[in-house]
Number of protein chains: 2
Amino acid sequence: MSFLPEKISDSELEVMKVLWEAGDALPITEIRTVLQARRGWEATTVKTLVSRLVTKGALQQEKRNVFYYRPLIGREEYSDWAAQNLVDRLFKGSARNLVATLVKSEGLSAEDIAELRDMFKVED
Amino acid sequence: MSFLPEKISDSELEVMKVLWEAGDALPITEIRTVLQARRGWEATTVKTLVSRLVTKGALQQEKRNVFYYRPLIGREEYSDWAAQNLVDRLFKGSARNLVATLVKSEGLSAEDIAELRDMFKVED
DNA sequence: TACGGCAGACTACATATGTAACCTGGTAAT
DNA sequence: ATTACCAGGTTACATATGTAGTCTGCCGTA
């Protein structure tokens, strides 16, 4: 796993999600529009978050007519890292413990469990 | 699930873990000893973290000969919350997606997979 | 061509977090 | 009783984070 350069904060993550959802580089305007609707953030707030992400190496600036921003970290990659991080920090390094918690805490529906069972049949 | 009063930071979590592991209230001295060994933290650093946790309502101070600190939030409870939080923030609210990620990621050992498979055989 | 709007750069500021020092009074040991 | 040490309280200070304002130059439109 290529590890992350620096931590991505909650607010910054919102920006990453917009880019990940778009599946392509976006100009600041686009990002701003989404986050203005979604979170009520001002244009400058979005700009600050984007700048910080560039500094952190999570986004790349592409010069076109106007700057476009492209994620250098994929959603999968980040999610994997976050999941592993949670496992290490709170589940004694055991993913099984995490899953057990999810199962117990109603986090998983009956269908989820059924699907997971299938998944484990197929895997390996 | 009784929700958490405030966020517990990474460093603060280290303190909580010491208490959770102890399974009982501890005096600051004990906590400090563990964290001095485990993290190299100074006595005052530990004191600050403990104080913040008390302020946040995560720890309760018990007056004896000397103050003893007792977690008001259980490890299970916190872990559940953290897991759910991760699911909501990065896995589109689907715990199944998280599990799928754990399975796919290199972070899972063969034994982990085996255990998970067993778990799903037994569960439900 | 003058002007209004917007992108990008820079600045601002309160709260959170990581990490720790200083001070003060009580307690144990001499 | 004197002293050294330690618990508890208070203060410190840099960096991170959430959230946003100001300034400046360019570009399109009147």
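1. A residue is near a molecule or strand if its C-beta atom, placed from the backbone, lies within 6 Å of it. Around DNA strand D there are 19 such residues. A:Ser9, A:Asp10, A:Ser11, A:Thr44 and B:Phe67 come nearest.

2. Some ground rules. This is a predicted model, where local features need pLDDT of at least 70 and side-chain atom pairs count only at pLDDT 80 or more, while totals for chains, interfaces and linings use all residues. Residues are numbered from 1 along each chain as its sequence is written, and chains are lettered from A and ligands numbered from 1 in the order in which they are written.

3. Which elements line DNA strand D? Helix H1 (10-22) and H3 of chain A each supply at least two residues, as do helix H2 (28-39) and H3 of chain B. Helices (H or I, at least four residues) and strands (E, at least two) are DSSP runs, numbered from the N terminus. By class, this surface has five nonpolar, nine polar and five charged residues. Ala, Val, Leu, Ile, Met, Phe, Trp, Tyr, Cys and Pro count as nonpolar; Asp, Glu, Lys and Arg count as charged; the others, Gly among them, count as polar.

4. Now DNA strand C. It is surrounded by 18 residues, and the closest are A:Phe67, B:Ser9, B:Asp10, B:Ser11 and B:Thr44. Two or more residues each come from helix H2 (28-39) and helix H3 (43-55) of chain A, and from helix H1 (10-22) and helix H3 (43-55) of chain B. H3(B) gives the largest share, four residues. The surface divides into five nonpolar, eight polar and five charged residues.

5. The chains also touch each other. In all, 31 residues of chain B are in contact with 30 residues of chain A. Contact means that the C-beta atoms of two residues, placed from the backbone, lie within 7 Å. On the chain B side, helix H4 (75-90), helix H5 (95-104) and helix H6 (110-122) give two or more residues each. H4(B) gives the most, with nine. This side holds 17 nonpolar, five polar and nine charged residues.

6. Look next at helix H5 (residues 95-104) of chain A and H5(B). They pack at an angle of about 165°, with axes 11 Å apart. Axes are lines fitted to C-alpha atoms, for helices over the stretch in contact, and angles run from 0 to 180 degrees between N-to-C directions. H5(A) and H5(B) are therefore roughly antiparallel (angles under 35 degrees count as roughly parallel, over 145 as roughly antiparallel, 65 to 115 as roughly perpendicular and the rest as oblique). A:Ala95, A:Leu98, A:Val99 and A:Leu102 meet B:Ala95, B:Leu98, B:Val99 and B:Leu102. The contact has eight nonpolar residues, no polar and no charged.

7. Within chain A, the axes of H1(A) and H2(A) come within 10 Å and cross at roughly 120°. The two helices are therefore oblique to each other. A:Glu14, A:Val15 and A:Val18 of H1(A) meet A:Ile31, A:Val34, A:Leu35 and A:Arg39 of H2(A). Five of the contact residues are nonpolar, none polar and two charged.

8. Chain B has an open sheet of three strands, in the order E1-E3-E2, with antiparallel pairing. Strands pair if DSSP finds at least two bridges between them. Strand E1 (26-27) and strand E2 (59-63) of chain B stand at the edges with a single partner strand each, so one side of each has no neighbour in the sheet. Two bridges join E1(B) to strand E3 (residues 67-71) of chain B. B:Pro27 has B:Tyr68 as its bridge partner in E3(B). H1(B) lies across E1 and E3 of chain B, at about 90° to E3(B).
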